[in-house]
Amino acid sequence: MLLAIDAGNTNVVFALLDGRRIVTRWRIATDPRRTADEYAVWLHQLLTMEGFARSDVEAVMLCTVVPRALHNLEVLAQKYFETTALVAGRAPVEWGIALDVDEPRSVGGDRAVNTIAAHALHPGDCIVIDFGTATTLDVVDYEGAYKGGIIAPGINLSLDALVAAAARLPRIAIAAPTTDSLIGRNTEDQMLIGIYWGYIAMIEGLVARMRTEIGRPVKVIATGGLATLFDKHTSVFDAIEPDLTIQGLGLMYERLRRD
């Protein structure tokens, strides 16, 4: 099986794939200081609990937007799985798609991998919305090329900044409002309305403007942990793919083996 690793700014996701099927997945907070040995102890326990052994892993493929985390993940693959980690976007795992932007080398690995997965799963023009540390909206054209996109602060990042800058505002959890009213009766409700409905308004507004600029029918694909939360109160998403980056890594590995 393939051990796919998506190392983001907030979490590192590990997943076992049997072909294109995601067998199981685990998540741990991103810490660039975490050593390969620490990853191995944690991962070995989880593998055992799920009935797997290290020998079941035949390859390790990863993508990361945290350069400092890369080395320890590569050591993990070499020392504990006895294989050289395959890194998305680095030979021999080329992107295999056009990065049609001014600075192709600056495109985040997760966004390129999401592009590959979105095009494979939903042919045609797509807008991929990833609710992560940042909220990104990426355009994939009908040929599978990455055309660019938008980066906005993530919802948790925005909330943290609001609480940090306003001394009297409490820390609240992100959740769907229990009422459709946009007039909050207390501080917590007012904050939740501002964050939740504010993000829905931003997403719907940006998608509408992007559709106009693209000028062709476009599917909107959402991914990231908060996608299902927003789906409760908007019809802007055509599909939700919670494991889009992991699926993209699986597709890239499949292509590499085929070639």
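**Entry 1: starting from L229**

Which residues does L229 touch, not counting residues up to four places away in sequence? I looked this up first, keeping in mind that the model is predicted. L229 touches I174, A175, A176 and Y196. I then checked where L229 is found, and the place is helix α6, residues 227–231.

Is L229 buried or exposed? Its relative accessible area is 13%, and the cut-off for buried is under 20%, so I noted L229 as buried. L229 and Y196 are 33 residues apart in sequence, yet their C-alpha atoms are 9.4 Å apart in space.

**Entry 2: helix α4**

Next I listed the buried residues of α4, the helix at residues 155–165, and found I155, L159 and V163. Seen down the axis of α4, these residues fall within an arc of 65°, so they line one face of the helix. A reminder to myself: an α-helix has 3.6 residues a turn, so residues three or four places apart point the same way.

What do the buried residues of α4 pack against? I found β7 (134–140), β8 (146–153), α5 (187–214) and α6. The face of α4 turned away from the buried side carries A164 and A165, which are exposed.

**Entry 3: the sheet with β6 and β9**

I traced an open sheet of five strands with mixed pairing, in the order β8-β7-β6-β9-β10. β8 and β10 stand at the edges with a single partner strand each, so one side of each has no neighbour in the sheet.

I then went through some of the pairs. β6 and β7 are antiparallel and share six bridges; here D130 stands opposite T136 in β7. β6 and β9 are parallel, with five bridges, and V128 has I221 in β9 as its bridge partner. β9 and β10 (residues 239–240) are also joined in the parallel sense, over two bridges, with A222 opposite I240 in β10.

How many of the five residues of β9 are buried? I noted four, which leaves this strand (residues 219–223) mostly covered.

**Entry 4: H122**

I followed the chain to the loop between α3 (109–121) and β6 (126–131), where H122 has its place. H122 has a relative accessible area of 14%, which makes it buried.

Which side chain does the side chain of H122 meet in a polar contact? I found E241, at 2.9 Å. Leaving aside neighbours within four places in sequence, H122 is in contact with K219, I221, A239 and E241.

**Entry 5**

I turned to another open sheet, whose five strands have the order β3-β2-β1-β4-β5 with mixed pairing. Its edges are β3 (21–29) and β5 (86–87); each has a single partner strand, so one side of each is left without a neighbour in the sheet.

I looked at β2 (residues 11–18) and β3 in detail: they run antiparallel and are joined by eight bridges. L16 has T24 in β3 as its bridge partner.

Which helix lies across β1 (2–7), β2, β3, β4 (59–64) and β5? I found α7, residues 244–258, running at about 135° to β1.

**Entry 6: helix α1**

I checked the length of α1 (residues 36–49) with a quick sum. At 1.5 Å a residue, its 14 residues should span 20 Å, and the end C-alpha atoms are 20 Å apart, which agrees.

Which residues of α1 are buried? I wrote down A36, Y39, A40, L43, L46 and L47. They cover an arc of only 140° around the axis, which puts them on the same side of α1. On the other side, V41 and M49 are exposed.

I also looked up the partners of the buried residues of α1, which pack against β1, β2, β3 and α2 (67–80).

Note on methods. Residues numbered from 1 in each chain as written. Predicted model: local features only at pLDDT ≥ 70, side-chain atom pairs only at ≥ 80, totals over all residues. Heavy atoms only, no water. Pairing = 2+ DSSP bridges. Contact = heavy atoms within 4.5 Å. Axes fitted to C-alpha atoms, helices over the stretch in contact; angles between N-to-C directions. Expected span 1.5 Å × (residues − 1). Buried < 20%, exposed > 50% of the residue type's maximum accessible area, 1.4 Å probe, protein only. Arc of directions from axis to C-beta. Polar contact = N/O pair within 3.5 Å; in protein donor to acceptor, adjacent residues only side chain to side chain.
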